Amino acid sequence: MSFLQRKLQKEIQQWLDKPDIIVILGARQVGKTSLLSLLAEDMRGLWGDSKNILIFNLENADHLTALNRDPKYFKEYLIFSGADPKKDFVVMIDEIQYLDDPSHFLKYVADMEPSIKLIITGSTSIQIKKFKDGLTGRKKAFHLFPLDFQEFVLFKGKQHLVSVLKEFNFKNIISNHTKIDPQRILPFKNELETLFEEYILYGGYPKVALAGSREEKLRELEELFKTYELKDVNILFNVENITAFKNLFRLMAGNTGNLLNINEVSGTLGIGRDTVKRYLEILENTFIIHCLPPFHRNIRKELTKMPKLFFLDTGMRNFAIRNFSELGFRPDRGSLFEGAIFSELYKNLGIIDQMFFWRTLSKNEVDFILTGEQKAAIEIKLSPDSQLRQPAGLRAFREIYPDFKYVVATMNQFAHNEGVYYLPGWMI
């Protein structure tokens, strides 16, 4: 079977011949198993048959039983399974969180079995209590997200549009001060807008993107939703009040992009603050949501303590509220569009980049602030001012922080005016 490439594959390739344990984390069904197969192909291309390359999936009961034994027998098990004892080993383990004690297993192999290179995946953060920090300095962690829009376009078989997206990416435009010629995007503008709306509605999970009809996409999302509740929530985190958890999930989906007030959520759902915090931690540690912190340099004037909550995939969010209406007919279209832009920005953050929102005590606000290699303030306007007047929040931020680049993300505008770039969402 051939697999479509992911951006993360190139990032990981440089670590394949190093001793570090490669840890690939991401939500269920984002493509971690397929990525392991792609990396196995890369390694066979590098080394031929000079190394043993083995893959274990811990959702397989036999594999799980074997790896839950004392790790001192692990190499013996590999040889018993047919590996050549004269060769080094590359062992790929899918869904490591199912092990009874993954930290002990990983530490033992790292310390005692130098001939074994480990590449592991997990559907939960290594911050959960099953993982104890015993691998500092010996692991390289990577996050695999649902498809970003460029990958989505590739999965849709629109290779000719991928090069367009690479050229007209907002980071390239604002870094190189590219002069914008709207005529250049006219030949593919409508096609990209149509694809971007599909992406906003159904999200970037690979199986959903590859599904043909609306009905197939909804079936795939339903399966994702049910599997997440059963395997991650019920089994891994032992949530007893699953009804309360589902209610919180749906409440958060309906409030994406809003400030997260724990007391309000607790009162609305009739559950304790500590329970709300635990459920939110589960959603974060399984890569469903992200709580975006506020940006500030002047705490007295700028600090808003509460974070803003976003879903990492808009399709999962829309399934939670059971709404897949077209964007133009939705009362929540503004927050949904904002959520899609958040997702694009978050998936493509550089190693030293950080992402915030900005809100002052006087109610000035900018939706997204990027710091690091790319300093940018980004305001979301699904239907912006036709006169290209700067949004008030962006203007206020610019007066305080003139060293940033300024972007207004829209559905279809493409312009540059008074130092502000107005760009369609598919360019973000």
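Before counting by element, I note the terms: helices (H or I, at least four residues) and strands (E, at least two) are DSSP runs, numbered from the N terminus. I also keep in mind that this is a predicted model.

**Entry 1: the largest pocket**

I looked up the volume of the largest pocket and found about 1100 Å³. Its lining is made up of 40 residues, and those nearest the centre are E11, K347, N348, L349 and G350. Next I checked which elements give two or more residues to this lining: the helices are α1 (7–13), α6 (149–155), α7 (159–167), α8 (170–175) and α17 (333–347), and the strands are β5 (139–143), β6 (289–292) and β8 (354–359). Which element gives the most to the lining of the largest pocket? I found that α17 does, with four residues. Sorting this lining by class, I got 22 nonpolar, ten charged and eight polar residues.

**Entry 2: the second largest pocket**

I then turned to the second largest pocket, with a volume of about 490 Å³. I found 24 residues lining this pocket, with Q29, G31, S34, P206 and K207 the closest to its centre. The elements that give two or more residues here are α2 (32–47), α10 (206–210) and α11 (214–236).

Methods
Residues are numbered from 1 along each chain as its sequence is written. This is a predicted model: local features need pLDDT of at least 70, side-chain atom pairs count only at pLDDT 80 or more; totals for chains, interfaces and linings use all residues. Side-chain values use heavy atoms; hydrogens and water are left out. On a 1 Å grid over the protein atoms alone, a cavity is a set of points where a 1.4 Å probe fits but cannot get out, and a pocket is an open set with protein on both sides within 12 Å along at least five of seven lines; lining residues have an atom within 4 Å of a point. Grid points are joined across faces, edges and corners, and a volume is the space filled by probe spheres set on the points. Ala, Val, Leu, Ile, Met, Phe, Trp, Tyr, Cys and Pro count as nonpolar, Asp, Glu, Lys and Arg as charged, and the others, Gly among them, as polar.
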